[in-house]
Amino acid sequence: MKKYRLMSPGPTPVPEKVLLKMADTIIHHRTPQFQVVLKEVSEKLKKVFCTANPVFIFASSGTGAMEVSVVNLLSKGDKALVVRGGKFGERFGEICQAYGVEVVAYDIESGKAADPAMIKKLLKDNKGIKVVYSTLCETSTGVVNDIKGIAKEVAATDAVLVVDAVSGLSADELKTDEWGVDVVVSGSQKGLMLPPGLSFLSLSKKAEKLVETSNIPKYYFSLKAAIKAYAKNDTPWTPAVSLVIGLNGALDMMLQEGVDNIVARHARLAKATRAAVKALGLELFAVNPSNAVTAVKVPQGVDGGAIVKKMRDEQSITIAGGQSELKGKIFRVAHLGYMDEYDIIASIAALEMVLSQLGYKVELGKGVAKLEELLK
Ligand code: PMP
């Protein structure tokens, strides 16, 4: 028997306390009992999203909330500027195109971050852009974007900024209202320490204006329906009751730690992880690395797929490989959500053993020693 460790950038481990809450008797959603939960969750979510605006919950994975942000803010033929620095930026573009929205693409070299000055230029050169889409943490490359800088440029125009914080929320700093971010989308299976199944979207007043005019067909994912129901402390459809109850517990844990402290914990673990992989002679992939996940270049002569497979099958530690064109070229170790020093130490120790078995010259213990030095 080996203890299972989930070091992927989603799903992430769920605390036992939260699991137990979700195992409780199911209650009906149109009841005063559930209304109490919904009210509490709504208030707590605002704190974690760093906003005074409402945060809506959907029964979907994170992509659902991304779709909500397209079908409710835009109309057919509208223009959207999409920051495409990897798989998830590309996804925003694909959703826009699926609904007949014209995409002005800002393509960034894989592993690099968006430049706010380029956003400014693209907004100036392409008149009429209604929405700008960017990821906070581009999970596929491990890059964190300068959302503060981007928000400054977007806020100076009529455009609305939508940030995909599916993996970045609570790991990387995101001062939604303070920075002027209009919409933040996220998912449950990452920093929020829940199983997959919920997605979230916060909505500013500026963005709400677009909701009123959007003509893209939608039904289940209607923000108008959500706004109307939430005004009565209700949801338009049957919510994922158990997940929302679990969320209430997870948010309690998060607020007890404090949002800034959670970001600081992620920053500390991420910094130590980066130093440890460098101590093993490995190279980082992201120029501007996120606190959520560390993307590492597969060393020459080593089978990248085998690293992930051996970690999972022999060490019982799930890390992630590269996606699409990065398959086999990088591997990603997350330090996201319910994580502490010992999760990182175990993962780096296992990585040293796996790399050594795969023929990579590594001095066993060197990465772990670096972690101990930094995390003591
Ligand atoms: N955006 C980002 C940045 C993500 O990391 C993910 C999930 N890895 C998604 C969007 C999509 O979320 P989901 O898989 O929950 O639909």
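Is Cys50 buried, partly exposed or exposed, and what is its relative accessible area?

Modeller: This is a predicted model, and what follows should be read as such. Cys50 has a relative accessible area of 22%, so it counts as partly exposed, the cut-off for buried being under 20%. Its place is the loop that runs between helix H2 (32–48) and strand S2 (55–58). The backbone there deserves a note: phi of Cys50 is near 50°, a positive value in a residue that is not glycine. Most residues other than glycine have a negative phi, and most peptide bonds are trans.

Ser324 also has a positive phi, of about 50°, without being a glycine. Ser324 sits in the loop between strand S13 (320–321) and strand S14 (330–334), and with a relative accessible area of 44% Ser324 is partly exposed.

The peptide bond between Gly10 and Pro11 is cis, with omega at about -5°. Pro11 belongs to the loop between strand S1 (5–6) and helix H1 (16–22).

Two other loop residues complete the picture. Trp237, in the loop between helix H9 (223–231) and helix H10 (241–257), is partly exposed at 27% relative accessibility. Beyond its neighbours within four places in sequence, Trp237 is in contact with Arg30, Tyr219, Tyr220 and Ala225. Lys127 lies in the loop between helix H5 (116–125) and strand S5 (129–135) and counts as exposed, at 60% relative accessibility. On the surface, Lys127 gathers with Lys120, Lys124 and Lys152 in a patch of positive charge.

Methods: Residues are numbered from 1 along each chain as its sequence is written. This is a predicted model: local features need pLDDT of at least 70, side-chain atom pairs count only at pLDDT 80 or more; totals for chains, interfaces and linings use all residues. Side-chain values use heavy atoms; hydrogens and water are left out. Patches are made of residues with over 30% relative accessible area and no salt bridge: like charges are joined within 9 Å, nonpolar side chains (Val, Leu, Ile, Met, Phe, Trp, Tyr) within 5 Å. Accessible areas come from the Shrake-Rupley method with a 1.4 Å probe; for residues, only the protein chains shown count as cover. A salt bridge is a side-chain nitrogen of Lys or Arg within 4 Å of a carboxyl oxygen of Asp or Glu. Lys and Arg count as positive and Asp and Glu as negative; His and the chain ends are not counted. The place of a charge is taken as NZ of Lys, CZ of Arg, CG of Asp or CD of Glu. Helices (H or I, at least four residues) and strands (E, at least two) are DSSP runs, numbered from the N terminus. Buried means under 20% relative accessible area, exposed over 50%, partly exposed in between (1.4 Å probe, protein chains only). Contact means heavy atoms within 4.5 Å.
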